[in-house]
Amino acid sequence: MTDPSHPGNRVADDVAASRGRPQEPFLTDQIRRESENIFRTAFTYSPMGMVISGADGYWIEVNPAMCSMLGYERDDLVGIHFSELVFPADAHSRFGHLDEMLNDPASVTSFAQRYIHKDGHQVWAELNAALVRNPDGTPGVVILQIEDVTEAKKQAADRERLEGQLLQAQKMEAVGRLAGGIAHDFNNLLSVIINYSVFLEEDLPDDDPKKEDVREIRRAGDRATALVRQLLAFSRKEVAAASDVDLNEVLRDMDKLLRRASGEDVAIDFKLVPEAWPVLVDPSQVEQIIMNLVVNARDAMPKGGRLTLLTSNEIVTAERARTSPGLTPARYGCLTVADTGEGIPDEIRDHIFEPFFTTKPLGRGTGLGLSTVYGIVKQWQGYVSVYSEPGEGTAFQIFLPLATSETAVSVVPDEEGEDPAKATGSVLVVEDEDAVREMVERILSRQGYKVIAASSGPEALKLLELHGTEIDLLLTDVVMPQMSGKELVDTIAATGRELKTVFMSGYPDDLVSKSGILQSNEVFMQKPFSADVLLAKVRSVLQR
């Protein structure tokens, strides 16, 4: 005996009526059987999950796709109430959709919700629900068509995360290019400011009250110089001296310094892996990374707390790298700095590496600490991972590449030394910036050097022809219009003359490196430089 309430049988009535035939008992039964078979086949073999539910929310029947979607057998699901399977946060919404459908003449609705798989993970689903009413108009059963969109949701989230990371990387790169672009002009200006303040200070009597004002100008210039260098570190425009570094050894050497920097109310723990893999970085930059992270952690614990510094050896697999764009599958030496501080709110986490971004009160920081860390790590093809929970603390993990036989080109270090009474010799200064050229000429002349100045390469060549062999040293800017410093030196060398040379530049080191002077072991000074550094450099080259 057929069930007139079964959805397949009601379809049969509609089919018979559409054929214009009277619904004779034997025809009605045959059509019902046919339609029921069609419905049963479609229900059973549908690739999407299907559920027949009572209007009260209890499931009457489920198809195999639905069982597979949730990880249960049919007998586990038949007779269960939907609220036992729906993610708790979505259950209230589901009740609302059911009430809306029962009171809607159209009796059709679509919505999204999450189910709980048998193994506990969430299943995202898109539902189409249709209410089949009884002949008297009362609610009968609800037919649910359910599509598993978990993988699509995951892909969309991954895509959104990657797009966000790409946008952030592009923004950081743009700021880096800006920093590198303005460095030249800033460095030239700072050279003038710092050295002319020194001229003033030297000319003023010790009891002159203006002397302290001049010293303050110089100190401000020195602070500005440090800021420019931090910006260049962020933008990865500096060529640093690479060597094999033992992270454990660096931390041990910095122990006392870090404890002083963190304050008495911050306890420091060192957890060092027994055999740390050596990494290839600039040792001074590693110290800068550690100090910046420790100071940042200290500021995140205004009432004190615990700071943990860890080293570890990490092997990053392709699967792990896939979830961390920018991290390449490889072996790394890792440094982790973790604090028990205030944590980083979600809304600012994407901004913490941006230069000048800070949540500290005015005067408490420049906003360059973390951006400098980011720049240094990226310079060495490393990776920075951040984990933080508001109120629970923050952990920065730095992945650094392992040491190899290759090392970066190093810049000749600045030389400090005693100032001799007077010096002898003739120096040809080639500098296109008038203020810088005049400053250098003044420093060298006051020391006793004979200075011949040129504003360009071609002018310098003419002066060489005029003064012949009396010139002992060439001091030239690297990047100049008409003729670069390297081209000037090559042109002089082509004449068969050997001339001692010192290069100088306010441009970022990576641009200077492209000129070839660093790779050829030429003597180089990065602007801004002090009078002492300039004189020591010139003296050391002349004495070779």
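Buried means under 20% relative accessible area, exposed means over 50%, and partly exposed lies in between (1.4 Å probe, protein chains only). This report covers a predicted model, in which local features need pLDDT of at least 70 and side-chain atom pairs count only at pLDDT 80 or more, while totals for chains, interfaces and linings use all residues. Residues are numbered from 1 along each chain as its sequence is written, and side-chain values use heavy atoms, with hydrogens and water left out.

**Surface patches**

Phe186 has 40% relative accessibility and therefore counts as partly exposed. Phe186 is placed in helix H6; helices (H or I, at least four residues) and strands (E, at least two) are DSSP runs numbered from the N terminus. Together with Ile182, Leu189, Ile193 and Ile217, Phe186 forms a nonpolar patch on the surface, with about 420 Å² of accessible area in total. Helix H6 supplies the largest share of this patch, four residues. Patches are made of residues with over 30% relative accessible area and no salt bridge; like charges are joined within 9 Å, and nonpolar side chains (Val, Leu, Ile, Met, Phe, Trp, Tyr) within 5 Å. Accessible areas come from the Shrake-Rupley method with a 1.4 Å probe, and for residues only the protein chains shown count as cover.

A patch of negative charge on the surface gathers Glu126, Glu147, Asp148 and Glu151. Lys and Arg count as positive and Asp and Glu as negative, with His and the chain ends not counted. The place of a charge is taken as NZ of Lys, CZ of Arg, CG of Asp or CD of Glu. Glu151 lies in helix H6, residues 150–203, and is partly exposed with a relative accessible area of 47%.

Glu147 belongs to strand E5, residues 139–148, and at 38% relative accessibility counts as partly exposed. Leaving aside neighbours within four places in sequence, Glu147 is in contact (heavy atoms within 4.5 Å) with Met48, Met69, Trp124, Ala125 and Glu126. The C-alpha atoms of Glu147 and Met66 are 9.0 Å apart, although the two residues are separated by 81 residues along the chain.

**Salt bridges**

A salt bridge is a side-chain nitrogen of Lys or Arg within 4 Å of a carboxyl oxygen of Asp or Glu. By this rule there are 19 salt bridges. Three of them are set out here.

| Pair | N to O distance |
|---|---|
| Arg215 and Glu201 | 2.9 Å |
| Glu202 and Arg446 | 2.3 Å |
| Asp269 and Arg306 | 2.7 Å |

The salt bridge of Arg215 and Glu201 has a distance of 2.9 Å. Arg215 lies in helix H7 (residues 210–234) and Glu201 in helix H6, so the pair ties together parts that are 14 residues apart in sequence. Arg215 is partly exposed at 29% relative accessibility, whereas Glu201 is buried at 15%.

For the salt bridge of Glu202 and Arg446, the N to O distance is 2.3 Å. This pair links distant parts of the chain, Glu202 in helix H6 and Arg446 in helix H14 (residues 434–447), 244 residues apart. Arg446 is partly exposed, at 33% relative accessibility.

In the salt bridge of Asp269 with Arg306, the closest N and O atoms are 2.7 Å apart. Asp269 in strand E7 (residues 266–271) and Arg306 in strand E9 (residues 305–316) are 37 residues apart, and the pair links distant parts of the chain. Asp269 counts as partly exposed at 25% relative accessibility, and Arg306 counts as partly exposed at 39%. Salt bridges that share partners also join Glu201, Glu212, Arg215, Glu216 and Arg219 into one network.
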